[in-house]
Amino acid sequence: MQSRGPDALRAALADATFKAIQEAVVSLPPDVMRALENAAAKETSAIARGEYENIKKNLAAAKRLGVPLCQDTGVPVVYLTLPPSVPYSQTLFDGIADGIRRATTEIPLRPNVVDPLTRHNSGDNTGAGMPAVHVRPGDRFTVTVLPKGAGAENMSRVVMLLPSQKGMIQHVVTETMLIAGGRPCPPVVLGVGIGGTFDGVAALAKEALLQPVDTMTAFERQLCDAVNTLGIGPMGLGGSTTALAVKVKIAACHTASLPVAVNVQCWANRHATVEVDW
Amino acid sequence: MTGTVVQLHTPLGDEVLTLRAGDRVELSGVVYTARDEAHLRMQKEGIPFDPRGAAIYHCGPVIKDERIVAAGPTTSARMNALEGFLLDLGVRALIGKGGMGSPAREQLKNRGVYLAFTGGCAALAASHMKLAGVHFPDLGMAESVWVIELDRLPLVVGIDSQGNDLFSVVEEHAKKAFGAGPVKECTDK
């Protein structure tokens, strides 16, 4: 049993964060691998099949060499679950930042975090308000890392629909992908938030990306089929699969609102969860 | 598209004019990475390499101990308005992902090609590369101009020198499919 003071907590969380980042940037979760294999198997376009062939070779190379599968190792989005025994304090945020700095030099990650106006790069993937950390209660002490690349993130959007426009949710989702085209590295996963508030709906959309992509509800399937009629295909070169999956998360909202957010995620739907040894 | 793979080597010449959208190629020789910041710097301070026959790779790699760890393409469309001066001075190929719109597409006409590499495939790309140098290192890892020696990087001709563009064909189809979808009545929003 380790000591359970703040220093030990910070070190344990740094270690878990490092491990989660390493796992996330080098290899994809099994459900994402299955979704990619299914998409490749049913693809008929020769150019698209070539893209899947590169993706397959790339995943094998990353795993073999233990290197990031994509050079855009993203910005770290972190989800922390805390059991009642873990005190909520600045120590948690410090530990996560330590893990990110270590990952940046050791794995390595590309230093992506800059000041939004001066564009000065911090060099260590941390900065004001970065990493984004979301904390929630849970039974186990875990850290989940979702490294978010910019190509797909840049094509995401929030739309404040009116309560009478429920029928436009599919339109918003499909239009988001129409505008995005090949830029977000399709075949994508679309995280869709519905309800909540202006800020909350974007968080819902991102959390939706953590859900398994090899199962969908009837509603999610309907949205996914609508996106796939666009025929954008892998990398925008045309093909039968534009979205591997659409995942929806819902929250209650104001009677006068219908917020909808679409968080676009490239085919490399990277995330990993590690239990904190504390 | 045919099954044959065309071998290309930098510096490139008029052979790029015979390529057609959809052709598969393998590119060898030196290429130069450049993203948003590098283009802006080169516009201001000049090009730190011979642009004649050169290939520009839209890429911000991960480099460690002077070794390329991961080096897939970035979204080329961000550079749509930034390529004119490079093509004017003889650059023959732009490499990236997602395709390019105006004015880059028009500026490639009768001069060069856009070559697409699979986005996200950074470990695969790195296995075809050796690092040969760097310009503007003060721009940081992602934005510097890295000099990279390629060994048969597999690419698809996305836009050819006659203006044929795989991406715009797909885009037009997507627009039509969107207009014809079950939510057509909502498109006036």
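**View 1. The helices and strands of chain B.** Chain B has 5 helices and 9 strands, and the model shown here is a predicted one. When chain B is followed along its sequence, these elements come in the pattern β-β-α-β-β-β-α-β-α-β-α-β-β-α.

**View 2. The overall dimensions of chain B.** Taken along the principal axes, the box that the C-alpha atoms of chain B fill is roughly 55 × 35 × 30 Å. A compact globule of 189 residues would have a radius of gyration near 16 Å, and the 17 Å of chain B agrees with this. Among the 189 residues of chain B, 51% count as buried. If one takes the contacts in chain B with a separation of 6 or more, 63% of them are between residues 24 or more positions apart.

**View 3. The surroundings of Gln107(B).** Gln107(B) lies in helix α3 of chain B, which covers residues 104-107. This residue counts as buried because it has 21 C-beta neighbours inside 10 Å, where 20 or more are required. Apart from neighbours within four places in sequence, Gln107(B) is in contact with Glu83(B), Gly84(B) and Leu87(B). His58(B) stands 49 residues from Gln107(B) along the chain, and the C-alpha atoms of the two are separated by 17 Å.

**View 4. The contact of chain A with chain B.** Chain A brings 47 residues to this contact, while chain B brings 43 residues. On the side of chain A that touches chain B, α3 (46-65) and α6 (169-180) of chain A each supply at least two residues, and α3(A) gives the most, with 11 residues. The residues on this side of chain A divide into 23 nonpolar, 19 polar and 5 charged.

Terms used. Residues are numbered from 1 along each chain as its sequence is written. Chains are lettered from A and ligands numbered from 1 in the order in which they are written. This is a predicted model: local features need pLDDT of at least 70, side-chain atom pairs count only at pLDDT 80 or more; totals for chains, interfaces and linings use all residues. Helices (H or I, at least four residues) and strands (E, at least two) are DSSP runs, numbered from the N terminus. A residue is buried if 20 or more other C-beta atoms lie within 10 Å of its own, exposed if 12 or fewer, and partly exposed in between; C-beta atoms are placed from the backbone. Two residues are in contact if their C-beta atoms, placed from the backbone, lie within 7 Å. Ala, Val, Leu, Ile, Met, Phe, Trp, Tyr, Cys and Pro count as nonpolar, Asp, Glu, Lys and Arg as charged, and the others, Gly among them, as polar. The radius of gyration is taken over C-alpha atoms; the globule rule is 2.2 Å times the number of residues to the power 0.38.
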